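User: Hi! I'm new to reading protein models. Could you walk me through one, feature by feature?

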Protein chains: 2
Amino acid sequence: MVHDGPAPGYRRWALKIEYDGTGLVGWQRQDNGLSVQQLLEEAASKLAGDAPVMSATAGRTDAGVHASAMVVQLDLPEQDRLDARQIRDGISFHLKPHRVAVLEAAAAPQGWHARFSAIWRRYRYTILNRPTRPVLDADHVWHVRRPLDAKLMSEAGQSLLGRHDFSSFRAASCQASSPIRTLDVLDVTRQGLHLHIDVQARSFLHHQVRNLAGSLQMIGSGQWPVSKLRQVLEARDRRQAGPTAPSEGLCLVAVGYESDPFA
Amino acid sequence: MVHDGPAPGYRRWALKIEYDGTGLVGWQRQDNGLSVQQLLEEAASKLAGDAPVMSATAGRTDAGVHASAMVVQLDLPEQDRLDARQIRDGISFHLKPHRVAVLEAAAAPQGWHARFSAIWRRYRYTILNRPTRPVLDADHVWHVRRPLDAKLMSEAGQSLLGRHDFSSFRAASCQASSPIRTLDVLDVTRQGLHLHIDVQARSFLHHQVRNLAGSLQMIGSGQWPVSKLRQVLEARDRRQAGPTAPSEGLCLVAVGYESDPFA
């Protein structure tokens, strides 16, 4: 069960991080803008006396997507002998003024990998459902003017639970070897003018949550009957699904491991 | 009961507005930066063919303070014959790209005044209580690292309910003729890492809510015993109270009228 352990002379840390994806190109380093990975590695490298550091994440979020509790691994030089608190506060300090910070740090267990050891991911997709554009939560919600019925969305969502071929909800750019995924949770709830779509699975296809949100919105607004969602799933055809909901409504909220590295 | 009615040829509208106070100088027009009042009046004037428009608010919030449902009055030329929806959407459109928007608009009842007809104001002060600085809710919370006990804060807060001389919690700049106010609600609740201080009164002194939050934080962190809050109140001396909590944690959440103009 050892996947890509730390290089010789390095020690692996598990970090829980929060980030606001607005204006960033996503987790992964890219040439066209700032990524969470670049910001995190540069901050950690400053803390480690400019030594190179390596990171990997439990979920490679897209541009504009947020995380309240993403889990990443960071391999730091052993010689630094920093403790968990120094790592949390030191990296957070060097991350300023960017909207990325470390919530928790812990020495990773032997053989632990942020991505390969994760057994589930949980995302929340949030819709602001009112006539007026978002203000206090701008950049953190999808603005849908048409009134949505959360109960219909919830009912439709139940038909997607379990193990299925999710080709209809998969981005053309998805690099996963199989379109089969097992959806363990799909809850739709309303809190005032906000609708929350909470989903959990071992892993997701690229754009799967945003594509589900876009199709659920078709149900909630009455443009599609409840039964349509299951038909779209069974069609295994991306063209049958609704629009891809925008990135700003999506937030990774939790990652699960058989043994919690922060416990 | 008629206070400052609309000028001849003008019709009064009640608006419910949301704004993010970050980077603004507050409600009131000032020479040193953008105010909510200036942005709102300029947007409304554009909608009204550049005619002058006049506004007044139920609460003149300070720089950096937010509102999720502030009530304001806006006197627009009668001849424009716009309906409530056109006013809501038209002003919100002209307010772009600023983080101010109109949630509701309604023709004001005869004699109604946003400020003088209001019978209560409700504010929420929010603290993020954790070691790491705010990220997703940056600029919308007060960051307090020291662990806070919401129950102790709630208990202490009860001793301030009712009619009192609130001189100890009043800014030196306060222009109210009397320091006597009646506090109808002071609830402190914890939701995960967030603490909410909810207060309601007919009206508040300048900085009263932020000064209460600063003193409650002294109780919650154990720096003061619960009994100290009442002693501070009775001292009628600003120097006895805790620090003024920062503006970004404060949000006006509701204004009450005997007859709801939006009903």
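**Two helices, then two chains**

Analyst: Gladly! Helix H1 (residues 36–47) of chain B packs against H2(B) at an angle of about 115 degrees, their axes 8 Å apart. Axes are lines fitted to C-alpha atoms, for helices over the stretch in contact, and angles run from 0 to 180 degrees between N-to-C directions. Helices here are DSSP runs (H or I, at least four residues), and strands are E runs of at least two, numbered from the N terminus. This is a predicted model, where local features need pLDDT of at least 70 and side-chain atom pairs count only at pLDDT 80 or more, while totals for chains, interfaces and linings use all residues. Residues are numbered from 1 along each chain as its sequence is written, chains are lettered from A in the order in which they are written, and side-chain values use heavy atoms, leaving out hydrogens and water.

User: Which residues of H1(B) and H2(B) meet?

Analyst: Contact means heavy atoms within 4.5 Å. From H1(B), Leu39(B) and Leu40(B) are among the residues that meet H2(B), whose partners include Ile87(B) and Ile91(B).

User: How many residues does each chain bring to the contact of chain B and chain A?

Analyst: Chain B gives 26 residues and chain A gives 26 residues. Buried area is the accessible area (1.4 Å probe) that two parts lose on being put together, summed over both. Here it is about 1900 Å², with 53% from carbon and sulfur atoms.

User: And how many salt bridges are there between chain B and chain A?

Analyst: A salt bridge is a side-chain nitrogen of Lys or Arg within 4 Å of a carboxyl oxygen of Asp or Glu. The count is four, and Asp139(B) forms a salt bridge with Arg99(A) (2.8 Å, N to O).
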